[in-house]
Amino acid sequence: MNLLKQTIDDKGLIEDLIPQKAPFVMVDKLIHFSEEKVITGFTPPTTNLFVYNNKFMAAGLIEHMAQSVALHTGYQYFLKNEPAPTGYIGAIKLAEIVELPTEGQELITTVTILHEILGVTLVKIQVTCNDRIVANSEMKTVLAN
């Protein structure tokens with residue numbers, strides 16, 4: 001069940017929901033939220049730190065995936081009216097970059113929560129661009145506090 005009434009694309013609110021701040025923000029849209037899934041969006045601008053030769057680099061894709069997980073956690077705490085804790089990538093089990101998207105193209109990222117226990121979350125992530133898969137990952141994230 002989607003607990004989100006409409007897409008959130010207010011950059012100020014998105015930044016309030018994640019620990020990263022400009023210019024290091026790699027998510028700009030919350031499209032879907034439920035306990036077991038989040039769908040985010042991001043359109044890397046030309047000025048993005050991870051854009052090189054008009055391509056959004058692999059490091060940017062990895063950071064975007066991690067921030068998508070952070071957005072899930074941040075929105076969870078927002079719904080409870082509590083400040084979101086800081087989290088970290090604990091491990092990347094798999095990271096497959098199929099294709100580097102071009103700057104200005106919207107990424108749509110689906111994070112599926114596989115397990116969540118004691119502040120450790122195991123997720124499966126798929127990033128698409130123009131309806132094509134550009135990256136996949138499995139990550140473990142850990143809450144700091």
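Reader: Leaving aside neighbours within four places in sequence, which residues is V51 in contact with?

Author: Contact means heavy atoms within 4.5 Å. By that rule, and with neighbours within four places in sequence left aside, V51 is in contact with P44, P45, T46, F56 and E103. This is a predicted model, in which local features need pLDDT of at least 70 and side-chain atom pairs count only at pLDDT 80 or more, while totals for chains, interfaces and linings use all residues. Residues are numbered from 1 along each chain as its sequence is written, and side-chain values use heavy atoms, with hydrogens and water left out.

Reader: Does V51 count as buried or exposed?

Author: Buried means under 20% relative accessible area, exposed over 50%, and partly exposed in between (1.4 Å probe, protein chains only). V51 counts as buried because its relative accessibility is 16%. In the chain, buried residues make up 43% of the 145 residues.

Reader: Where is V51 found among the elements?

Author: Helices (H or I, at least four residues) and strands (E, at least two) are DSSP runs, numbered from the N terminus. V51 is found in strand 3, residues 51–52. The chain has two helices and eight strands, and from the N terminus on they run α-β-β-β-β-α-β-β-β-β.

Reader: Why is the chain described as being as compact as a globular protein of that length?

Author: The radius of gyration is taken over C-alpha atoms, and the globule rule is 2.2 Å times the number of residues to the power 0.38. For 145 residues the rule gives 15 Å and the chain has 14 Å, which is close, so the chain is as compact as a globular protein of that length. The C-alpha trace spans about 40 × 30 × 25 Å along its principal axes.

Reader: Which residues touch the most other members of the largest nonpolar core?

Author: A nonpolar core is a set of buried Ala, Val, Leu, Ile, Met, Phe, Trp, Tyr and Cys residues joined through side-chain atoms within 4.5 Å. The largest one has 33 residues, of which L30, F56, L61, M65, I125 and V127 touch the most other members. Elements that give two or more residues to this core include helix 1 (11–17), strand 1 (29–34) and strand 7 (120–129). Helix 2 gives the most, with eight residues.

Reader: What does L61 touch, not counting residues up to four places away in sequence?

Author: With those residues not counted, L61 touches F56, I97, E99, L100, P101, L107, V127, V134 and A135. F56 is also in contact with V51.
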